[in-house]
Amino acid sequence: KEMVDITQEKEIRLEKREVTDEEIQSVLSEVLQESQVLELLSLRDNQITLANGKLTAALAASPCRTLRELDLGDNQIGPVGAEKLIDALKENKSLTTISLAGNQIGDEGAKLIAAFLKVNVTLQRLDLCDNQITKVGAARLADALTENKTLLNIDLSYNAIGDVGVEKLANALRQNTTLQEINLGCNLIGDEGAENLAVSIVKNKSLVKIWLNRNNIGDEGTIKLAKALQSNGTIEEFWFNGNPMGVKAYMKMLKALDDRNGNSMGR
């Protein structure tokens, strides 16, 4: 049987194999050095930490200029691995999509990524879902969003950003003119955070999709958001299911979304 030349593959998916850094590095070192066609590398759901620096060193040294998407979601990277990765990608000019979802990078990792976003000019999609990021990390990321001009999509769902953290992000959205999608679902956001976001929704002209599902937004925050949506001309999808609003607030939100031709509460 003819052997497959893995260096000629455009997509490599080594997912859910319980492999470690050493095992992955031994497989990928040649690919990263020889491939001129690799576009997607998914190492999702393994036991990778990046702590020994070998895999990130291989990424940094790779002459491949076609790699667009790197998925490291659901590994064990943490803040130490995040630092190794950011150092390796400082000179990268090809990646447009990175997923670090479910890696427990915390606020320290978010701080490192925020610094990266301030100087990076190619990344368009960033997934930081389920990473134990609090208001501290959110403030750092918000600061980065006031400077970054290329990021189009950021997923911060399933963290612990809360009202204080979302206030910082809301302020950043009043200045950012390029971000199109932001996922803030499952983040302990209440009425205060919702009211800050409502002000930003009125002023922002670039967002087309917002997720606020499964938070703690009650009547007051819901009504403010509904009113803001009626003043916004760009948002196409607004996900809001799983919030503890009453019937009156629910109807106001439903009307605001129906007026916008089929926006969704996640029905």
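Analyst: A salt bridge is counted when a side-chain nitrogen of Lys or Arg lies within 4 Å of a carboxyl oxygen of Asp or Glu. Glu15 and Arg13 form such a pair, with their closest N and O atoms 3.6 Å apart. The model is predicted, so local features need pLDDT of at least 70 and side-chain atom pairs count only at pLDDT 80 or more, while totals for chains, interfaces and linings use all residues. Residues are numbered from 1 along each chain as its sequence is written, and side-chain values use heavy atoms, leaving out hydrogens and water.

User: How many salt bridges does a search of the whole structure find?

Analyst: The search finds 11 salt bridges. One of them joins Asp143 to Lys118, the closest N and O atoms being 2.6 Å apart. This pair links distant parts of the chain, since Asp143 sits in helix H5 (residues 135-145) and Lys118 in helix H4 (residues 106-119), 25 residues apart. Helices here are DSSP runs of H or I with at least four residues, strands are runs of E with at least two, and both are numbered from the N terminus.

User: Which residue forms a salt bridge with Lys224?

Analyst: The partner of Lys224 is Glu195, with the closest N and O atoms 3.6 Å apart. Because Lys224 lies in helix H8 (residues 219-231) and Glu195 in helix H7 (residues 191-203), the pair ties together parts that are 29 residues apart in sequence.

User: How many disulfides does the search find?

Analyst: A disulfide is a covalent bond between the sulfur atoms of two cysteines, and here the two sulfur atoms must be within 2.5 Å. The whole structure holds zero disulfides. For Cys129, the closest cysteine sulfur is in Cys186, 8.4 Å away, which is too far for a bond. Cys129 is buried at 15% relative accessible area, and Cys186 is buried at 16%.

User: In what order do the strands of the sheet run?

Analyst: Two strands pair if DSSP finds at least two bridges between them. Nine strands form an open sheet with parallel pairing, in the order S1-S2-S3-S4-S5-S6-S7-S8-S9. Strand S1 (11-13) and strand S9 (237-239) are at the edges with a single partner strand each, so one side of each has no neighbour in the sheet. Further in, strand S4 (residues 97-99) pairs with strand S5 (residues 125-127) over three bridges, and Thr97 has Arg125 in S5 as its bridge partner.

Key:
Buried < 20%, exposed > 50% of the residue type's maximum accessible area, 1.4 Å probe, protein only.
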